[in-house]
Amino acid sequence: MARTEILTGNYAVAYGAKLSRVQVISAYPITPQTSIVEKLDEFVESGELDARYVRVESEHSAMAACIGAAATGARAFTATSSHGLMYMSELVWWAGLGKFPLVMAVVCRALAPPWSIWSEHNDVLAHRDSGWIIFFAEDNQEVLDLIIQSYRICEDERVLQPVMVALDAFILSHTSTPVSIPEQSDVDGYLPPPGSRRKPFILDIENPLTHGNLTYPEYFMEFRYEIEKSMNSARRVIVEAGRRYGEITGRYYDSLVEDYRCSDADVVLVNVGSSSGDAKEAVDLLRDEGYRVGLLKLRAIRPFPFEDLRRICDGKRYIGVFDRNYSFGYGGILHCEVSSALSGIKVPVQGFVGGLGGRDVTVDNYVNIFKTLIDMADRGVEPKPPLWVGLREVV
């Protein structure tokens, strides 16, 4: 029987990795990720987890160790944040473009300067084109559940791409909430034994081969196309994995998105991550006042949920997109991607930017965002440049 414990988001990651029976862990400490790998180190030292903990001198080496482990068929795990992710960036691309199935937790944190240890999504989204499947978690339960599901997804022979699970710094990483922990036997039945699934190649000293060597233009594009096919397959595999997970835990994740009261909504806001809970509360408050509003939470950023997004947003009066990131000279990254995905559907899309560097995003902020969208719909106003939420007029 599952048990419930009070866990931080970081400990939820560690318990998820332990339940997944990871075999190789390699990481370098960085705030606010460090307690993930500290907890895993405790599990290894106490004998609760039979894994090799590889201590390295940098995040770049941590990812190199995980790639090497995955290349031999081992189940590998790492975690990082912000500048740590940037430091390992070269190897992040090697993992994605080399189709190495491994899992990494990323505690989202703003990049400097100015120096910050609080949440922002630019670190993760800077790697959206690197061939990784990318999930954003809303709460600590979803964090644990996504880590476990990620191994089933990344090791599926239809996919064989690495998975990134993103959680917001401090809002989730260091906040304790009740988390239901499945029985080990249930997870053992859900995940295949490590190394048991067929892979296109395994590094083996008895049968040596090379992987990722120089490729001439005559064949290079085909390698990229194989990754795109894997991403397309991942859409179905993610749904299958989430549905099967629901059968053993009662928590179903059988979609790349979460539709919260969108079916009869006039106005829908698109969001990711921990502040989705505040946005849902705003939806409930406004529904009580008679406003027909809804929230569309993107669980997966890669592969991007084009079909779900177009199906849910078609026929709405106005769509909003909240970005905890910014692409300078353009706008919010998700606003750009959602607008592109909805091309051909006659619905205006307004971008909002907020929460940068850990700036608090409240229920009242979301109430005001929804009311702004309703007002723009009623007055027939065309979308404006991104509206910054909670911005001081004077610094």
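Strand 14, residues 349-353, runs parallel to strand 15, and two bridges join them. Within that pair, Phe352 sits opposite Leu387 of strand 15. Keep in mind that this is a predicted model.

Six strands make an open sheet, in the order 9-11-10-13-14-15, and the pairing is mixed. Which strands stand at the edges? Strand 9, 257-260, and strand 15, 387-388. Each has a single partner strand, so one side of each lacks a neighbour in the sheet. As a reminder, strands of a sheet pair through backbone hydrogen bonds, either parallel or antiparallel.

Next, strand 10. This one covers residues 267-271. Is it buried or exposed? Five of its five residues are buried, so the rest of the structure largely encloses strand 10. Look at the two faces. On one side we have Val267, Leu269 and Asn271, buried. On the other, Val268 and Val270, buried too. So both faces of strand 10 are covered. Its pairing with strand 11, residues 293-298, is parallel and counts five bridges. There, Val268 faces Gly294 of strand 11.

On to helix 12, residues 333-341. Which of its residues are buried? Ile333, Leu334, His335, Glu337, Val338 and Ala341. Note that His335 and Glu337 are in that buried list. And what covers them?

Let me step back to the whole protein. We have 13 helices and 15 strands. The chain has 395 residues, and a compact globule of that length would have a radius of gyration near 21 Å. The protein has 21 Å, which agrees. The C-alpha atoms fill a box of roughly 70 × 55 × 45 Å along the principal axes. Buried residues make up 56% of the 395.

Contacts next. Take those between residues at least 6 apart in sequence: 81% join residues at least 24 apart.

Key: Residues are numbered from 1 along each chain as its sequence is written. This is a predicted model: local features need pLDDT of at least 70, side-chain atom pairs count only at pLDDT 80 or more; totals for chains, interfaces and linings use all residues. Side-chain values use heavy atoms; hydrogens and water are left out. Helices (H or I, at least four residues) and strands (E, at least two) are DSSP runs, numbered from the N terminus. The radius of gyration is taken over C-alpha atoms; the globule rule is 2.2 Å times the number of residues to the power 0.38. Buried means under 20% relative accessible area, exposed over 50%, partly exposed in between (1.4 Å probe, protein chains only). Contact means heavy atoms within 4.5 Å. Two strands pair if DSSP finds at least two bridges between them.
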